[in-house]
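Subject: Structure for your review

Dear colleague,

Please find below the sequence and structure that I am handing over to you. My findings follow directly after them.

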Amino acid sequence: MVQKGGITMTNFQTVYQRSFPVSPDGDPYVQNDLGLYTHNHPVPPADVATRRAYLVGSGIGSLIAAAYLVRDGQMPGENITILEELAVPGGAFDGSGDTEKGFIARGGREMGQHFECFWDIMKDIPALEMPAPYTVLDEFRITNENDPNRNPCRIINHQGHRRDAYRMGLNRKGQLAVLKLLFARESDTYYKSIEDWFDEDFLHSTFYTLWKTMFAFEQWQSLTEMKRYMHRFLQYMPGFSDLSCLRFSKYNQNDSFVVPLVRWLKDQGVVFRYDCLVHDLEMTITAHRKVVDTVLVRHGDGTEERIGVTDRDVVLVTNGSLTECTGYGDMDHAAPYSTDELAGWELWRNLAKKSAVFGRPDVFCADPDKTVWESISFNFIGADHPFLRKIKELTGNDPLSGRTVTGGIITVEDSSWCISLTMNRQPQFHGQPEDWGVAWAYGLYPFAIGDCVGKPMLECTGEEILKEYCYHFGLLDQFEEIRSRTKVRLATMPYITAFFMPRGKGDRPEVIPDGCVNLGFLGQFVETPDDCVFTTEGSARTAMMAVYGLLDLDRDVPPIWPAQYDIRALLASAKTLNNGRLPGGRLLARLLKGSYYEDILPS
Ligand SMILES: Cc1cc2nc3c(=O)[nH]c(=O)nc-3n(C[C@H](O)[C@H](O)[C@H](O)COP(=O)(O)OP(=O)(O)OC[C@H]3O[C@@H](n4cnc5c(N)ncnc54)[C@H](O)[C@@H]3O)c2cc1C
């Protein structure tokens, strides 16, 4: 029992009976079986009105943390300052452009219903286009329920030919290797790579092609993260072949999420400061306490600023960055691959020198050749554009209808760059003309030699990359017309999969590292029990954990959806992995026939 402002609080986690052991690593923080019972309004600390918060970075993780500080911590908005090195908010959640240059987003987000922490806040943020009382969650849901996502053409080969993606192509050994990985202790996977565990047959299977392109894994990357993805996204396996497991926002994610969230935060009085690179924190570190005393800010013109904080204040740092050093290109210019300015990593490196609890940034950022890839925004102009016609031929969907088009990525399986392309509902951007179709694309192996242009992707201009795509989509004979009616924008991101580098315990800081009283970490390079990186939800979860932890709020972080413990999800996934036949299915069907549990068998 805890006394707060005269009210007695109960710690649900320790008091109530548990129905079953719910955490594989014994961590009660993100695992509980209490459901909506935990959706209470927590009582804030008595002194919250006098406390301040400084949030380093304005990515979605930071914005959500600010929202939790206001909604659940009841911290006055004007006490919260967001310090961002760039000139705009949103971080990796970007989206911009015009009809002259073309539109660009560095990424397109596959999203799902089980983004528990993300939707927990988005259900309270006023909608972008709908009137009150509708929220961002309502808008997202209405969009998706009225226009469910489905990709009728997940894989193509032989220059524009669709092929079946339902048969996973895993032999018995490959299926057993998946099972073995699920059963392995996480510590047995530390510093191992995917190719350490799986053989060549597996790496060439349809299953792995779907897997690596959907999640952007490369085979030299972390087995630990692959395991976490398998536990986390198990329930989606039956929807892998047509991506019916996914949901997408109506517009690019900057317009769909950052714009309404920033608008709401500003309405609450939250202060946004740009051109503020936080390069270090001055701290007092003793045996059991680590306290931030000063936030050190460098401005673009080289001037320095010192912001003093007390041990009752809150400092939240987004450490590391997947989009740091992005090099941009266009139709005529390759996107430079440069790793010179590591500003976003500088703060983490400086903190790591102060204490081992702050992790080891170089595990993730020291070898960008292993983490770089390039994304492309293709702007196809005109309703009768040959590429739009081809997309319609492959998917059966009219790209300019405003409804789902490709429903997630189409992957070219025989491309040496391992290219994919997706066209979400159009328009994707405000100001996008109605006869433009903007597609997002990427190549997983940017150092490989292109099959048509004969060069590594990283050395190619937008025109050359467009040509390679035309070749693989069977449109090379129409290249001249396509070139004259397409604008291309490129983004090379050296650290885009830095969080997938093989890792072990202690490489990433905990959300609130041991002994920290006013410092928490947010984002993609932070340890969260069981959850995954490269997801919006991962950043949202760290935001919730940091705010609830540092303000000592008595509200539970929702557990990760426990599909990995659900026999129905396990059986459905086993059936998917085995090409649509449930191993032991006939025996199970006989055993369960006529019983209450007959329905657990996948249809
Ligand atoms: C190409 C691509 C595809 C993706 N696909 C998906 C997907 O399919 N599904 C999904 O859920 N997620 C996806 N993501 C991931 C998702 O976009 C990110 O996980 C999320 O946006 C990260 O948010 P963040 O706030 O943690 O960090 P970031 O977005 O990296 O934000 C960090 C911010 O902090 C600023 N900053 C950093 N250090 C400092 C400093 N020291 N001082 C001041 N400012 C600083 C940076 O400029 C940046 O604005 C994708 C991302 C990309 C780029």
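**Surroundings of the ligand**

The ligand is surrounded by 37 residues, of which the closest are Gly 57, Gly 59, Gly 91, Gly 107 and Gly 523. Two or more residues of this shell come from each of helix 2 (60-71), strand 10 (276-285), helix 11 (343-354) and helix 16 (536-550). Divided by class, the shell comprises 15 nonpolar, 17 polar and five charged residues. Please bear in mind throughout that this is a predicted model.

**Packing of helix 2**

Two of the helices that contribute to the ligand shell, helix 2 and helix 16, also pack against each other, at an angle of about 35° and with their axes 8 Å apart. Their crossing is right-handed. On the side of helix 2, the contact is made by Ile 60, Gly 61, Ile 64, Ala 65, Tyr 68 and Leu 69. Helix 16 meets them with Thr 536, Ser 539, Ala 540, Thr 542, Ala 543, Met 544, Ala 546 and Val 547. Ten residues of this contact are nonpolar and four are polar, with no charged residue present.

Helix 2 packs with helix 10 (residues 253-267) as well, again at an angle of about 35°, and here the axes are 10 Å apart. This crossing is left-handed. Ile 60, Leu 63, Ala 66 and Ala 67 of helix 2 meet Phe 257, Val 258, Leu 261, Val 262 and Leu 265 of helix 10. The contact consists of nine nonpolar residues, with no polar and no charged ones. Ile 60 takes part both in the contact with helix 16 and in the contact with helix 10.

**Domains**

The domain assignment of the protein chain gives four entries: domain 1 (1-33), domain 2 (129-157 + 373-493), domain 3 (166-239) and domain 4 (568-600). Between domain 2 and domain 3, the C-alpha centres lie 27 Å apart. Eight residues from domain 2 and seven residues from domain 3 form their contact. The side of domain 2 that touches domain 3 has four nonpolar, two polar and two charged residues.

**Backbone geometry**

Most residues other than glycine have a negative phi, and most peptide bonds are trans.

- The peptide bond from Ala 132 to Pro 133 is cis, with omega near 10°; Pro 133 is located in the loop between helix 3 (116-122) and helix 4 (136-146).
- Gln 426 and Pro 427 are joined by a cis peptide bond with omega of about -5°, and Pro 427 belongs to the loop between strand 17 (419-422) and strand 18 (436-443).
- Asp 275, a residue other than glycine, has a positive phi, near 60°; Asp 275 is placed in the loop between strand 9 (271-273) and strand 10.

**Confidence**

The average pLDDT of the protein chain is 94, and 95% of the residues score at least 70. Over residues 7-13, however, pLDDT stays under 50, and the model has 17 contacts beyond four places in sequence for this stretch. Where pLDDT is low, the predicted coordinates should not be read in detail.

With kind regards

Definitions and conventions. Residues are numbered from 1 along each chain as its sequence is written. This is a predicted model: local features need pLDDT of at least 70, side-chain atom pairs count only at pLDDT 80 or more; totals for chains, interfaces and linings use all residues. A residue is near a molecule or strand if its C-beta atom, placed from the backbone, lies within 6 Å of it. Helices (H or I, at least four residues) and strands (E, at least two) are DSSP runs, numbered from the N terminus. Ala, Val, Leu, Ile, Met, Phe, Trp, Tyr, Cys and Pro count as nonpolar, Asp, Glu, Lys and Arg as charged, and the others, Gly among them, as polar. Axes are lines fitted to C-alpha atoms, for helices over the stretch in contact, and angles run from 0 to 180 degrees between N-to-C directions. A crossing is left-handed if the near helix is turned anticlockwise from the far one by less than a right angle, and right-handed if clockwise. Two residues are in contact if their C-beta atoms, placed from the backbone, lie within 7 Å. Domain bounds come from an automatic or database domain assignment. pLDDT is the predictor's confidence in each residue, from 0 to 100.
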